[in-house]
Amino acid sequence: MDWQAIWLSVRLAVSTTVILLAVGMPLAYWLAFSPHRWKFLVEAVVALPLVLPPTVLGFYVLLAIGPRSPVGALYGRLTGGMLPFSFQGLLVASVLYSLPFTVQPVAAAFAAVDRKLVEASWCLGVSRMATFRRVIVPLALPGIATGAILSFAHTMGEFGVVLMVGGNIAGVTRTVSISIYDQVQGLNYAAAAETSLFLVAVSFTVLALTYALQRRVWAIWPMS
Amino acid sequence: MASGFELDAELRLPLDESPVTVLFGPSGSGKTTLLRLLAGLDRPDDGAIRFRDGTWYDGGRGICLPPQQRRAVFLFQDCALFPHLTVAANVEYAARRETARRLMGVFGLAELADRFPRELSGGQQQRVAVARALAAEPALLLLDEPLSSLDAAARARIRQDLRRMLLSGGVPSIVVTHDRMEAVALGDWMAVMVGGRIRQAGPVQDVFRHPADAQVAESVGVENVLPAQIVSHHSGLLTVEVGTAQLQCVDSGETGPVVACIRAEDVALTRDSPQDSSVRNRLPGRVLSVIPEGPLARVEMDCGVPLVAVITAQSVDELQLKPGDDVCAVVKTTAVHLTAAPYFSRQRT
């Protein structure tokens, strides 16, 4: 089994999930509570990765982070490195690719929090930020957990975007799915079967855990 | 406002002399909207909201304090307790621990401290909500139909409790209600709202006894609002014609078309015409229906005009009242209140 690729995928999935929670929660808050009339445009952009082929997304990410783009040039000046075909570049692509998997469940969970509880907190003199932390997040926890786990699992199984942005560099951008593809191309079916089975097992376990966890969380806080 | 609802309220409340103000009016009259504007949860189109020496909102100067800076705590109809926090954590949510502890003692919540809101009765939730609000040391309490989520039996019991709790905090409160018993039980001062406008404000009993116009009379629950014509004046008394009958009442300076307001409780019933009592107003009529209401009964009559009386169930038995009976309704002169007729009131001024 290609432990190096598995380890890389896990690192990528964990980093992506952490970044997505940090970026996705404020975005989800805005989507859930802003009265802005053009909000639907942002919602559509967030949902794009669900319907676009990974090649299209990967192509644009590659253009956007290439050394001739402003982002790529800035990154080059700051770090001396390049984003395409690096772990960091892969991370950028993964975050964009899994954005709806975090933002949608989290925004739905935020919107489901009783508005009166939020207003009650504000009236008690508690700031918006503290209300978010003390009322909205605890009550939306099942949705946040769902978003995080879906992003993790989705990144673990990512293929097309990785191929477009990261290529196939062992230890740098060769994730599990690329490794399986590689093994199949090399007619090394036994190794491919092993790694595939491993990925199925991990995905199943993670999803089963999520649902089990959700059940229990709901039992602790029934939203009556 | 975006909803198209128009609210135009001009009101000054003497919050320091009267601890509990009732904002009274029928459903849809804009009471809750006004309360939300005061709390800072909604934003008025224009106007000004001032509290003590501070300005909370001023459309002209672009001032609009967020709810956090007003410290006007809003108590929602269903209490809005945080479901993921225990009673103790709810009360301590925005308070110093000692203050919260003290209030939980005062409100008898100490033994409920570790319970979650879903494990409490409606009345207990109410106590927690008031304790949580007072613990935050607010400048003003705003209560939106505080008893409406309770059943009738609990409501009567908790009404008195609530008044005591509100007074114990030493914080002025504004209570929205459409229940006149609640208004009488809770309030010192009362503002009546009809159709998005404040129509009358004053001490609670004054408003009930002397409604400013017919719509106010109707909404504060004076059952008998009868169109009348002034017939004659003499020695401080007015005689008005109501249907075919004549009523005497105290001259309040009204002229032109008026309505006579009589609370159903102020109408007594007899079988025969009492000739030698001090009561001057007798209206012979026929009983249309008798509706028992617990210890009381509501008797609807046709006395040339429709008239409602609320008398004790005991009296109904003694008089053996039933539909079709001839009775005589008697009303004390001082129980008849004349106010201007609604459609003509503007022309009079």
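User: How many residues does the contact take from chain B and from chain A?

Analyst: In this predicted model, chain B contributes 22 residues to the contact and chain A contributes 21 residues. A residue is counted here when heavy atoms lie within 4.5 Å.

User: What area do chain B and chain A bury between them?

Analyst: The two chains bury about 2000 Å² between them, and 66% of this is on carbon and sulfur atoms. Of the area that chain B buries against chain A, B:Gln68, B:His84 and B:Tyr93 supply 36%, more than any other three residues.

User: Why is the meeting of A:Lys116 and B:Asp78 called a salt bridge?

Analyst: The N to O distance between these side chains is 3.1 Å. The cut-off for a nitrogen of Lys and a carboxyl oxygen of Asp is within 4 Å, so the pair qualifies. The count between chain B and chain A is 2 salt bridges.

User: Which element gives the most to the side of chain B that touches chain A?

Analyst: That element is β5(B), with 3 residues. By class, this side of chain B has 15 nonpolar, 2 polar and 5 charged residues.

User: What separates the C-alpha atoms of A:Val45 and A:Leu78?

Analyst: They are separated by 29 Å, and the two residues are 33 residues apart along the chain.

How values were computed:
Residues numbered from 1 in each chain as written. Chains lettered and ligands numbered in written order. Predicted model: local features only at pLDDT ≥ 70, side-chain atom pairs only at ≥ 80, totals over all residues. Heavy atoms only, no water. Buried area = accessible area lost by both parts, 1.4 Å probe. Helix = DSSP H or I, 4+ residues; strand = E, 2+ residues; numbered from the N terminus. Nonpolar A, V, L, I, M, F, W, Y, C, P; charged D, E, K, R; others polar.
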